[in-house]
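Colleague: I am new to this structure. Please take me through one part of it closely, the place where the chains meet.

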Amino acid sequence: MIYFYVTTAAALLISLMTSRAKTIAALNLAAKRLLGILPAFAAIMVLFSVTITLLPREVVAELIGRESGWLGVVIAAGVGSIVFMPGFIAFPLSGALLEQGIPYMVLAAFTTTLMMVGVLTYPLERKYFGRSVTLLRNAISLLIALVAAMAIGLLFGEWGQ
Amino acid sequence: MTEKTKQFILLLLTVGFGVFVAASFSVDFEPGQQMGRTFGSTVLTFLGLLPCAFLLIALFDVWVKRETIERHLGHGSGLRAYGWIMLLAGMTVGGLYLAFPVACSLAKKGARLGIVFAYVNFAGVCRIPMITFESSVMGWKFTAIRMAASIPLVVLASELLGRCLEHRRYVVKQ
């Protein structure tokens, strides 16, 4: 996180030293865009707060851990597509579930959809890609995530058990 | 629905949520209070991240030449462009929500659509901080299989989607 701030500060400084006018233009552009997407962001944060409260990690763990096999994969992919969870919460959760004996392929379906498919980020993605392309992109990513989960199930010898 | 109406609905959702949280605190409704607290901490996290991210994107827009992006990521840049975009996505911070504005800037600078979609998907597949975390918890075998299965599919699907949409003269908004 700190590297991100340092990088931004350094980039800004170099830009400022090279051209004042261009830097001001960049600042204006950044402010204008940020304000433009703020309503969509606020909505996403509302949806996130509501879902994470109604579906806390214990409930997510319960949902994912209930079924193994292909039904477990489908449920995990559904949960992963809907909830919005940063990696530093999702991976420790997956690690704990793994120790409880949840198959790798179920956890793969969960983490992969979590990273690639965004139901909650729909209001934001729609602003950039439009409705139909957003739906199409998410459907494709969901398929890719399912294939990846299947590959993991096959190579870990969990498929068809 | 016009863009204004949609913005209004989003705002209404946020304001409605604010009223709900305020009411929850006044009548001591625990789930509502919890939602409010989560919202507060999320807003703080985002406020630390968003201005920096948008500033970097704007600096990219102002300084990087269109020809550079067109040459390496535009039409006729071939398969190697996917390698570049994978590297770029690997170094990204944040989740999907930050991948969209970056993808949009790439599109504006002349990256072809396949590359733009590949960026969004790669940001979910191979962000380096995420990979290191994942492999330490799930093991290297897990990460390796997941990436080996998804990377070719992302390239294939993005290229197909990009070609199909370019054929229909689709453009990224904003």
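Modeller: What follows is a walk across the contact between the chains, with a few stops beside it.

Keep in mind that this is a predicted model.

Start with the extent of the contact. Chain B puts in 66 residues, and chain A puts in 71 residues. The size of an interface is often given as the accessible area lost when the parts come together. Here the area buried between chain B and chain A is about 6,300 Å². Carbon and sulfur atoms give 81% of that area. Within chain B, the residues that lose the most area to chain A are B:F54, B:W63 and B:F100. Together they make up 10% of what that side buries.

Between chain B and chain A the count is 1 salt bridge. Its partners are B:D61 and A:R33. Their closest N and O atoms are 2.6 Å apart.

Which elements of chain B face chain A? Those that give two or more residues to this side are α1 (3-27), α2 (30-63), α5 (96-108), α6 (113-125), α7 (128-138) and α8 (140-167) of chain B. The largest share comes from α2(B), with 23 residues. By residue type, the side of chain B that touches chain A divides into 47 nonpolar, 11 polar and 8 charged.

Next, the aromatic rings. The whole structure holds 14 aromatic pairs over all chains. Take A:F84 and B:Y97. Their ring centres are 5.9 Å apart and their planes stand at 45 degrees, so the pair is tilted. A:F84 sits in the loop between α4 (69-82) and α5 (87-99) of chain A, while B:Y97 sits in helix α5 of chain B, so this pair joins two chains. A:F84 and B:Y97 are both buried.

A second pair is A:Y128 with B:F100. Here the centres lie 6.5 Å apart and the planes are at 35 degrees, so this pair is tilted too. It also crosses between chains. A:Y128 belongs to helix α7 (residues 122-129) of chain A, and B:F100 to helix α5 of chain B. Both A:Y128 and B:F100 are buried. Recall that B:F100 is among the residues of chain B that lose the most area to chain A.

The A:F84 and B:Y97 rings also belong to one aromatic cluster. Its members are A:F41, A:F48, A:F84, B:F46 and B:Y97.

Then a stop within chain B. B:S77 lies in the loop between α3 (66-73) and α4 (80-90). Is B:S77 buried or exposed? Its relative accessibility is 15%, under the 20% limit, so B:S77 counts as buried. A polar atom of the B:S77 side chain lies 2.5 Å from the backbone oxygen of B:G74. The side chains of B:S77 and B:R112 are joined by a polar contact of 2.7 Å. Leaving out residues up to four places away in sequence, B:S77 touches B:R71, B:H72 and B:R112.

End in chain A, with A:W70. This residue lies in helix α4 of chain A. With a relative accessible area of 60%, A:W70 is exposed. A:W70 and A:L35 are 35 residues apart along the chain. Their C-alpha atoms are separated by 43 Å.

Methods. Residues numbered from 1 in each chain as written. Chains lettered and ligands numbered in written order. Predicted model: local features only at pLDDT ≥ 70, side-chain atom pairs only at ≥ 80, totals over all residues. Heavy atoms only, no water. Contact = heavy atoms within 4.5 Å. Buried area = accessible area lost by both parts, 1.4 Å probe. Salt bridge = Lys/Arg side-chain N within 4 Å of Asp/Glu carboxyl O. Helix = DSSP H or I, 4+ residues; strand = E, 2+ residues; numbered from the N terminus. Nonpolar A, V, L, I, M, F, W, Y, C, P; charged D, E, K, R; others polar. Buried < 20%, exposed > 50% of the residue type's maximum accessible area, 1.4 Å probe, protein only. Polar contact = N/O pair within 3.5 Å; in protein donor to acceptor, adjacent residues only side chain to side chain. Phe/Tyr/Trp six-rings, centres within 6.5 Å; stacked < 30°, edge-to-face > 60°.
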